[in-house]
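Below is a brief report on a predicted protein model. Please read it alongside the sequence and the coordinates.

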Amino acid sequence: MPTIDDLVVSVFTIPTEEPESDGTLTWRATTVVVVEPTAAGITGIGFSYATGACARLINDVLRDVVIGQDALDVSRNWSAMVRSIRNFGRPGIASMAIAAVDCALWDLKAKHLGVPLVKLLGQVNDTVPVYGSGGFTSYSDEELARQFSDWVHEQGIPRVKMKVGEAWGTRPERDLERVQFARAVIGPSTALFVDANGGYSVKQAVRMAKEFARHDVSWFEEPVSSDHLSSLAEVRSQTSIDVAAGEYGYDLFYFKAMCEAQAVDCLQADASRCAGISEWLRVASLAEAHGLQISGHCAQSLHAHPACAVANIRHLEYFADHARVDRLLFDGVLDPVGGVLRPDLSRLGLGLELKRADAQKFRVDN
Ligand SMILES: [Mg+2]
């Protein structure tokens, strides 16, 4: 048995080119916590877009849980990690820390078996559709036009998503102007999605949905806060636009509640947050049991393989920030040309390799 004999954690912080905002948050950098476990001379790689605090938790707690264990027993190691953080609380940082380790353990196992991860999981589809995701509220019209034109007209991606709910929903006229402008840029045949990041109130969201429908918007993400499942359900009941949420789901039980509340038309889940690929696959099954599809939230480099291994995948979010950060840190990042990601079957595991020399300048202490 290949025993896990080492596990190295590194933290990289990559500044954005300029401050970026959605409806309810502004950020200036993206931090990536990279985990590299080794077993019998083979090293796996996994990561989460998180905070350096995850690295501390991995080194203090999770590292000892998996060291000495069989690298092929991903489920056993995942369960042991979940049990180990009981007293710290499952949602948030603990789940993101487990996610980084779990993804690395899946990558490690696939490398040991000599297969791409999608073949270990069992491939259902050769490719997974993506949508270009950006359109930040902080963008000028020129920046929005440049980003959407590149995705739609240069790369042939037939779906894009933009942020609305600017300044906690206090600029609805500007939201509508931007949506109208985006529609003009992408033309009538490209799917247009919006994401309010919980910035609207219920009735405001219902009013906005009516306006968005006039511009043929087909996806309304977090019209209201995901903390209020009944509010999501209320908005959903009053619009023909698909309502989606789930990016703040950290465990199976949250997603169960979201499904049972009939809060969404498509469940979103993020393997870099919800304790890794192990839990993401279970969430996909849960969605299927409720007659729902699943969409991968951001972290497209982690989702490409598992997304091609579940039948009820709708699409993946091809997030602009992660596209940039991933290319700075990793070799083997997939291209979204034509609007799909196709796992590279000539590479083992997730197909990613840390560009150590290039990454060094973004390294921070952990
Ligand atoms: Mg979102």
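## Helix H8

Four residues of H8 are buried: Ala205, Met208, Ala209 and Phe212. Their arc around the helix axis is only 110°, so they sit on the same side of H8. An α-helix has 3.6 residues a turn, so residues three or four places apart point the same way. The face turned away from the buried side carries the exposed residues Lys203, Lys210 and Arg214.

The buried residues of H8 have several packing partners. These are helix H7 (172–186), E7, strand E8 (217–221) and helix H9 (229–237). The length of H8 agrees with expectation: at 1.5 Å a residue, its 13 residues should span 18 Å, and the end C-alpha atoms are 19 Å apart. Just after H8, Asp216 takes a positive phi of about 60°.

## Two loop residues with positive phi

Asn197 lies in the loop between strand E7 (191–195) and helix H8 (202–214). Its phi is near 45°, a positive value in a residue other than glycine. Is Asn197 buried or exposed? Asn197 has 22 other C-beta atoms within 10 Å. The cut-off for a buried residue is 20 or more, so Asn197 counts as buried.

Cys298 is the second case. It is placed in the loop between strand E11 (293–296) and helix H12 (300–307). Phi is again positive, near 45°, and Cys298 is not a glycine. Cys298 has 23 C-beta neighbours inside 10 Å and therefore counts as buried.

## Val34 in strand E2

Val34 belongs to strand E2. With 22 other C-beta atoms within 10 Å, Val34 is buried. Which residues does Val34 touch, leaving out those up to four places away in sequence? The contacts are Ser10, Phe12, Ile45, Phe47 and Leu354.

Val34 can also be set against Leu329. The two are 295 residues apart in sequence. In space, their C-alpha atoms are 9.9 Å apart.

The chain is divided into domain 1 (4–114 + 356–364) and domain 2 (119–341). The domain centres, taken over C-alpha atoms, are separated by 24 Å. Across the boundary, 33 residues of domain 1 are in contact with 32 residues of domain 2.

On the domain 1 side, the elements giving two or more residues are strand E1 (4–21), strand E2 (26–39), strand E4 (46–49), helix H2 (74–84), helix H3 (93–113) and helix H14 (356–359). H3 gives the largest share of this side, 10 residues. By class, the domain 1 side has 18 nonpolar, 9 polar and 6 charged residues.

## The whole chain

The protein chain has 14 helices and 16 strands. Its radius of gyration is 20 Å, close to the 21 Å that the globule rule gives for 366 residues, so the chain is as compact as a globular protein of that length. Along the principal axes, the C-alpha atoms fill a box of roughly 60 × 40 × 40 Å.

Buried residues make up 52% of the 366 residues. How much of the contact set with a separation of 6 or more comes from residues 24 or more positions apart? Those pairs account for 70% of such contacts.

Definitions and conventions
Residues are numbered from 1 along each chain as its sequence is written. This is a predicted model: local features need pLDDT of at least 70, side-chain atom pairs count only at pLDDT 80 or more; totals for chains, interfaces and linings use all residues. Domain bounds come from an automatic or database domain assignment. Two residues are in contact if their C-beta atoms, placed from the backbone, lie within 7 Å. Ala, Val, Leu, Ile, Met, Phe, Trp, Tyr, Cys and Pro count as nonpolar, Asp, Glu, Lys and Arg as charged, and the others, Gly among them, as polar. A residue is buried if 20 or more other C-beta atoms lie within 10 Å of its own, exposed if 12 or fewer, and partly exposed in between; C-beta atoms are placed from the backbone. The radius of gyration is taken over C-alpha atoms; the globule rule is 2.2 Å times the number of residues to the power 0.38. The expected span of a helix is 1.5 Å times one less than its number of residues. The arc is that of the directions from the helix axis to the C-beta atoms.
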